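Take a walk through this two-part text with the model open beside it. Begin with confidence, then turn to the chains and their helices.

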Amino acid sequence: MSRKLYFIFSVAIVLALVLAACGASPDTAPTNPPAASSGGGDEQPVQTVIVTVEVPVEGSGGGDGSALPGGYGELTQRVKDRGNLICGGRTDLAGFGYLDESGRNIGFDIDVCRAIAAAVLGDPEAIEVRALTADERGPALQTGEVDVLSRNVTWTSSRDAQWGNFTIVTFYDGQGFIVPVDSGIDSIEQLDGATICVTSGTTTELNLADAFRQRGLEFTPLTFADTASVYGAYEEGRCDAATSDKSQLAAVQSGFTDPSAHTILDITISKEPLTPAVPSGDDQWFDIVKVVVWGLINAEELGVTQANVEEMKNSEIIDIRRMLGTEGDWGQADLGLPPDAIAQAIAAVGNYGEIYDRYMGPEGDAFTLERGLNENWTNGGLIYAPPHK
Amino acid sequence: MDNQIDYQSQIPFWRDERVLRIAAQVISAVVVIGALVWVTLNVLRAAEQRGLSLGFDFMNSTAGFPIGESDIPYDPSRSFAYAFTVGVLNTLKVSILGIFLATILGTLVGIARLSTNWLVRRIALAFIEIHRNIPLLVLLFLWYRGVFLKLPRVQDSIQWPGPIYINQRGLFMTWPRLNPNGIIFVIAAILSLILAIAAFIYLRRLRELTGRSTYFGLVSLAILIVLPVVGWFLAGGRPFTLEFPELSGFNFAGGVHMTPEFTALLVGLVTYTAAFIAEVVRAGIQAVSRGQLEAARAVGLSYSQILGLIIFPQAMRVIIPPLISQYLNLTKNSSLAFFIGYPELFFIGKTTINQAGRAVQVILLIMAVYLSLSLITSAILNFYNRRIQIVER
């Protein structure tokens, strides 16, 4: 009797595994959902790779450029099929990605996701925010677990090479230090021998090491994976200083028990261009995210706001009418977007300046930070986008 | 008889014990190998699809990130492989120290748990129940955020004779530093220790065999004193200089420094594992039959003699196997240091994953190291376990 049972169990386990293997394919190969349903899921991706290799050869030979690389449009299709946008974000940084009183995800980075969701799916609420720590974001992007990573990620060459595709800089930041006011420190040289709190797995961590090594200074790092631990330890006095992007320091300072007891030093040791990124493989999706963010920036430049977007559709300025989809074409058809995609994004979250001011402006919800480099180029800043034409 | 044989031959194959036995083996092998192949192929396919490289060459490139605690000289210009080694050493340091201390504390609590003194017994019980029933991560946070970070600031350090300074940056102790010639003394000291132990064992065996008094204690003590003294003079005077911790700039410099992250992890791991070891020890002691204890009392042995000569040698046979798994748990649990900022293996692995962008390889390396550590630990203890088992004739 028991032997018979054993046999049945064995068969059941084998069957379960086989089923699990078949059922798991779509999840484990998210960039290729149609392949899994067609049955021969195991061979399909191999072919895809071959095609990708062949395309440049044909292109350079002057042959037909009609062959699209495998993966083109697949991420876009995945988002549309699913009906929501999985956004790699965070819930623990005031201003950029945090929660309001009702537990809704808000922040500068989150609004970028909402704009994309509004443009692609017509609904700014159709987002699912995956809260990621600094050292989870790379793998999350590499594996395609998120559709877009908008979590104040610094764009660097090696991340671009390894993680995925970076779209367009949404926030120009630089790394600084926060110290207690009573320490009297006002230069990096005075931090010689200090213990410095920093988040692990960040560019900040590398910059800190470089900056001190460059100047021949000594320091002891104290690293944590989550931001809360870093500033918790700093506030307790375990570290003499904490370092991160200045915007993050400003955000964190606003949350300290006594913000006036701390000061952000007037030193910037690095360039931190914070940029939303998408997984590699789907150029269409890459373009869509870029174009939507451009829309937010161009809207500010052209004076289109959340409030006046409807009347602006009939504006006298041709550039505005084209961008909002009333007239002409800005490439929406090739991207599989409706003509009013940008208009929807602006109606949902406002233009770049409005998003900034909502969280970090003079009346900002989180804290107030000078726009500085993040002014539109027409106001002497670096925020500049290619035109919608 | 014939009927029976006929009956045997008529058994259908799915009820034939021999067939079933082989079938079970084949099925389990197919399932295990199939699962492995599937996982491997899946990883390879996904990596190819996303253009990820699966080589280990990146381990030779510059790490770039700083590490707070290292027992070998480290700076960010070293390679990822070197940084990983620092992590392995930090894991080893906390695990070995942790296992040593947890064994002592666990044994004491285990014995206290069986004490005839009501208060001692109850305190031991409370210690065990508190530590066994709270998750280790919570305990670690409690020790780190609740105790060690709440110590006074550097400027208001607690000073103990030594001098030892205690503050939220850690424990700073006076420590002897080796002089250039001091190594001669150290060699002499180690040599004397080995010789003393050898003499102790040999002379005691001699006494057991011949029945003559061999003064094994005195002889080994003499070796232990004379050799180092000779080494002292050969080294040309003091082999060590005492280094005192002094407040310079932000922190204390000199002497030896234990960071709050390391201390919190060590204390957390030791107390938590000691609670489990205490129960293992209690079970081991109680497994020795009561008659043994009564017989030992009857011949007039003292309580410490009973423990050392009668109870423990027998209890060890019950204690060692579950003790192995506690040691393995301690080593593996040290990866929770990730959350309190002690740069051990897992912590540095995670940082490497991020800075090098190579998740699969680094996770494989981490698993390989933990697996090797666990296998080595069990191999050593299993060897010891075989030595102390009853020799059956």
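Predicted model: local features only at pLDDT ≥ 70, side-chain atom pairs only at ≥ 80, totals over all residues.

Residues are numbered from 1 along each chain as its sequence is written, while chains are lettered from A and ligands numbered from 1 in the order in which they are written.

Start with confidence. pLDDT is the predictor's confidence in each residue, from 0 to 100. Chain A averages 84, with 82% of its residues scoring at least 70. Chain B averages 87, and 96% of its residues score at least 70. Helices (H or I, at least four residues) and strands (E, at least two) are DSSP runs, numbered from the N terminus. Among the elements of chain B, helix α1 (residues 2-9) has the lowest mean pLDDT, 56. Helix α4 (residues 118-133) of chain B has the highest, 95. For the complex, the predictor gives an ipTM of 0.76 and a pTM of 0.75.

Next, the domains. Their bounds come from an automatic or database domain assignment. In chain B, domain 1 covers 2-49 and domain 2 covers 80-133 + 261-388. The C-alpha centres of these two domains of chain B lie 39 Å apart.

Now look between the chains. Here 36 residues of chain B are in contact with 44 residues of chain A. On the side of chain B that touches chain A, α2 (17-49) and α11 each supply at least two residues. α2(B) gives the most, with 11 residues. By class, that side of chain B has 17 nonpolar, 13 polar and 6 charged residues. Ala, Val, Leu, Ile, Met, Phe, Trp, Tyr, Cys and Pro count as nonpolar, Asp, Glu, Lys and Arg as charged, and the others, Gly among them, as polar.

Helix α11 of chain B also packs within its own chain. Two packed helices are described by the angle between their axes and the distance between the axes. Axes are lines fitted to C-alpha atoms, for helices over the stretch in contact, and angles run from 0 to 180 degrees between N-to-C directions. Helix α3 (residues 80-113) of chain B meets helix α11 (residues 345-356) of chain B at about 160 degrees, with the axes 7 Å apart. That makes α3(B) roughly antiparallel to α11(B). Angles under 35 degrees count as roughly parallel, over 145 as roughly antiparallel, 65 to 115 as roughly perpendicular and the rest as oblique. The contact includes B:Phe80 and B:Phe84 of α3(B) and B:Leu345 and B:Phe347 of α11(B). It has 9 nonpolar, 4 polar and no charged residues.

A second pair in chain B is α9 (residues 290-298) with α10 (residues 303-333). Their axes come within 10 Å and cross at roughly 160 degrees. α9(B) and α10(B) are therefore roughly antiparallel to each other. B:Gln292, B:Leu293 and B:Ala296 of α9(B) meet B:Ile306, B:Ile310, B:Ile311 and B:Gln314 of α10(B).

Helices α11 (residues 283-302) and α16 (residues 352-360) of chain A pack at about 95 degrees, with their axes 6 Å apart. That makes α11(A) roughly perpendicular to α16(A).

Technical notes. Contact = placed C-beta atoms within 7 Å.
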